[in-house]
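Please open the structure in the viewer and follow the stops below in order. Each stop names a selection and then describes what is found there.

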Amino acid sequence: MIVGGPGSGKSTLARWLGGQTGLPVHHMDHIHWLGNWVERSKSEKLAMAATIEAQERWIFEGSLTATYDNRAARADTLIWLDLPVGLRLWRVTKRRFRYWGRVRPDMSPGCIEGLNAEVLPFYAFIWRTRHSKRTRLFTLLARHSDGLTVHHLRSRAEVAAFRRDACAQGVERQ
């Protein structure tokens, strides 16, 4: 289970871990969005997430908080990418231009990067939720501390060290 704010690197880390382990990778953005940035209903999102959570093995990245408890109960490892909000805002901006006119690999088909009416509200959301999301994750960790390996990564250097350590420990293909 990989969680963190927008721009923290969840999708990138999930793809890397999937390549290292052979585990299937699932992106919450595939569940959250239909084409053309149309949001699915909450009931649809929850049902789709439950289908993935019920699978025996997965890497599931994303931050639909309504699924946190179910995912944490099924996961053996939780990786929390808790990077500074300024860095995350920069990364969101950078990826918008990197994928300009195209769909990101972790996004639903038809969700083309560019300037649209959602850009400014998304930046506001990132800024507005920077504290509340952290509080929710600390609460989640308190509820699911037994049997869950937690990696709380707070910087790019810590993420890089996690990746190096995973390689050195020989993260096995499943």
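Begin by selecting helix α1, residues 10-21, together with helix α8, residues 156-168. In this predicted model, the axes of the two helices come within 12 Å and cross at roughly 5°. Angles under 35 degrees count as roughly parallel, and α1 and α8 are therefore roughly parallel to each other. To see the contact itself, display the side chains of Leu13, Trp16, Leu17 and Gln20 on α1, then those of Phe162, Arg163, Ala166 and Cys167 on α8. Six residues of this contact are nonpolar, one is polar and one is charged.

Next, turn to the largest nonpolar core, which has 18 residues. Which members touch the most other members of this core? Select Met1, Val3, Phe60, Leu78 and Leu140 to display them. The largest share, three residues, comes from α7.

Keep Met1 selected and show its surroundings. Leaving aside residues up to four places away in sequence, Met1 touches Trp58, Phe60, Tyr68, Arg71, Ala72, Ala75, Thr77, Leu78, Ile79 and Leu140. Another core, of 15 residues, lies apart from the largest one. Its members include Ile2, Ile59, Ile79 and Ala166.

The last stops concern aromatic rings. How many aromatic pairs does a search of the whole structure find? The search finds four. A pair of aromatic rings is described by the distance of the centres and the angle of the planes.

Select Trp80 and Phe138 for one of these pairs, which is edge-to-face, with 4.9 Å from centre to centre and 75° between the planes. Distant parts of the chain are linked here, as Trp80 belongs to strand β4 and Phe138 to helix α7, 58 residues apart. Is Trp80 buried or exposed? Its relative accessibility is 2%, so Trp80 counts as buried. Phe138, with a relative accessible area of 40%, is partly exposed.

Finally, select Phe97 and Trp100. The centres of their rings are 5.4 Å apart and the planes lie at 10°, so this pair is stacked. Phe97 counts as exposed, at 55% relative accessibility, while Trp100, at 42%, counts as partly exposed.

Note on methods. Residues are numbered from 1 along each chain as its sequence is written. This is a predicted model: local features need pLDDT of at least 70, side-chain atom pairs count only at pLDDT 80 or more; totals for chains, interfaces and linings use all residues. Side-chain values use heavy atoms; hydrogens and water are left out. Axes are lines fitted to C-alpha atoms, for helices over the stretch in contact, and angles run from 0 to 180 degrees between N-to-C directions. Helices (H or I, at least four residues) and strands (E, at least two) are DSSP runs, numbered from the N terminus. Angles under 35 degrees count as roughly parallel, over 145 as roughly antiparallel, 65 to 115 as roughly perpendicular and the rest as oblique. Contact means heavy atoms within 4.5 Å. Ala, Val, Leu, Ile, Met, Phe, Trp, Tyr, Cys and Pro count as nonpolar, Asp, Glu, Lys and Arg as charged, and the others, Gly among them, as polar. A nonpolar core is a set of buried Ala, Val, Leu, Ile, Met, Phe, Trp, Tyr and Cys residues joined through side-chain atoms within 4.5 Å. Buried means under 20% relative accessible area, exposed over 50%, partly exposed in between (1.4 Å probe, protein chains only). Rings of Phe, Tyr and Trp (its six-membered ring) pair if their centres lie within 6.5 Å; planes under 30 degrees apart count as stacked, over 60 as edge-to-face and the rest as tilted.
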